[in-house]
Amino acid sequence: MQLHENISLKPYNTFGIDATARYFAAFTSINELEALTNTLQAASNKQLILGGGSNILLTQNFDGIVLHNKIGGIELVGEDEEHFYVKAGAGVGWHQFVLHCIEHNYAGAENLSLIPGSVGASPMQNIGAYGVEIKDIFHQLEAWHIGDKTVQHFSLEECQFGYRESVFKRKLKDQFVIISVTYKLLKTPRFNTSYGAIQQELDAMGAKELSIGLISQAVINIRSSKLPDWKLVGNAGSFFKNPTIPNEQFDGLKKQFPQIVAFPTGTAQMKLAAGWLIEQCGWKGYRKGDAGCYPKQALVLVNYGAATGQELFDLSEEILQSVQAKFGVLLEREVNIIG
């Protein structure tokens, strides 16, 4: 546990933004976290808890304390007739956790393969892909209350999961540090191949008998073909959420734009494909300096090298305004803006 001053955060965010933290320290346990907060409380009341750095955009230097969550460990903590209960430290890499599940035949997380970031971030915004969300495999989590300095447990209901949402992004924002997450995984797999191009990719792979490993590999192949590797091109995955609008509004848009891409939600609303909206406004493949919109997926903003966080934010603002002007739909950023 070592405190650093004026440290570049470039290695700690997948956008590769070269912003500086006034103070920086990593912690591997609750005791270290508590000791750090006690030590630094007098220095600054501005704190940023950092996991994998895969869902943030730093628009300026951070004049406060950045605490890097590196709590590790994965263990089987229980089982019943149908489920394994697997607990992982918040600092474990998400894809590392998925691969662990596949290796041990814990089913349910395979569709979430290759998502960057950490275990601790997974319930923060209810990450999801290819028909599966964290809420589908979540059991409970442990979180440390920054003010009270106590550990609290949160159930599925208490996390208040929504579309890329949880209580930790709204009501309890900046109040807790997630310590560990326990997932409820299946002993007998329920294969989910209907979303996106999973079945098509499985066919291309020549898959004869389904397994969670094969589905994971299909998802990895699809993601790798569509999305940039953040180690090579800075990005935070999908920058915008898919917006949901009332059926009446969708009907009007459908008449005006017959090719519009949308999905029913099971309620009186439709979920629009934000990538399609952005592409129709001409942004796909756009580049200004080192800030751009990925040529293969308009939802992804990229840093080609030396873009600043402010330049990427400004680009996202232009995209928001153009989509609203053309379609009357206001997009919402999925990435957390840190300024």
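In which loop does N126 lie? Read on to the last view for the reply. This is a predicted model, in which local features need pLDDT of at least 70, side-chain atom pairs count only at pLDDT 80 or more, and totals for chains, interfaces and linings use all residues. Residues are numbered from 1 along each chain as its sequence is written, and side-chain values use heavy atoms, with hydrogens and water left out.

View A. A pocket is an open set of points on a 1 Å grid over the protein atoms alone, where a 1.4 Å probe fits, with protein on both sides within 12 Å along at least five of seven lines. The lining has 13 residues, and G108, D136, I137, L186 and R190 lie nearest the centre; a lining residue has an atom within 4 Å of a point. By type, the lining divides into 4 nonpolar, 5 polar and 4 charged residues. Ala, Val, Leu, Ile, Met, Phe, Trp, Tyr, Cys and Pro count as nonpolar, Asp, Glu, Lys and Arg as charged, and the others, Gly among them, as polar.

**View B. The largest nonpolar core.** A nonpolar core is a set of buried Ala, Val, Leu, Ile, Met, Phe, Trp, Tyr and Cys residues joined through side-chain atoms within 4.5 Å. Buried means under 20% relative accessible area, exposed means over 50%, and partly exposed lies in between (1.4 Å probe, protein chains only). Of the 45 residues in this core, L277 and I278 touch the most other members. Helix α8 (residues 309-327) gives the most to the core, with 6 residues. Helices (H or I, at least four residues) and strands (E, at least two) are DSSP runs numbered from the N terminus. Another core, of 44 residues, lies apart from this one and has I115, I134, L172 and A218 among its members.

**View C. Helix α1 and what covers it.** On this helix (residues 30-40), L33, L36, T37 and L40 are buried. Seen down the axis of α1, these residues fall within an arc of 95°, so they line one face of the helix. The arc is that of the directions from the helix axis to the C-beta atoms. N31 and T39 are exposed on the other side. The cover over the buried residues includes β2 (20-27), β3 (47-50), β5 (62-69), β10 (138-145) and β12 (176-186).

**View D. T182 in strand β12.** This strand holds T182, which is buried at a relative accessible area of 6%. Leaving out residues up to four places away in sequence, T182 touches V77, Y85, V86, K87, F138, H139 and Q140; contact means heavy atoms within 4.5 Å.

View E. Most residues other than glycine have a negative phi. Phi of N6 is near 50°, and phi of N126 is near 50° too. N6 lies in strand β1 (residues 4-8) and counts as exposed, at 52% relative accessibility. N126 lies in the loop between α2 (94-103) and β8 (128-129) and counts as buried, at 0% relative accessibility.
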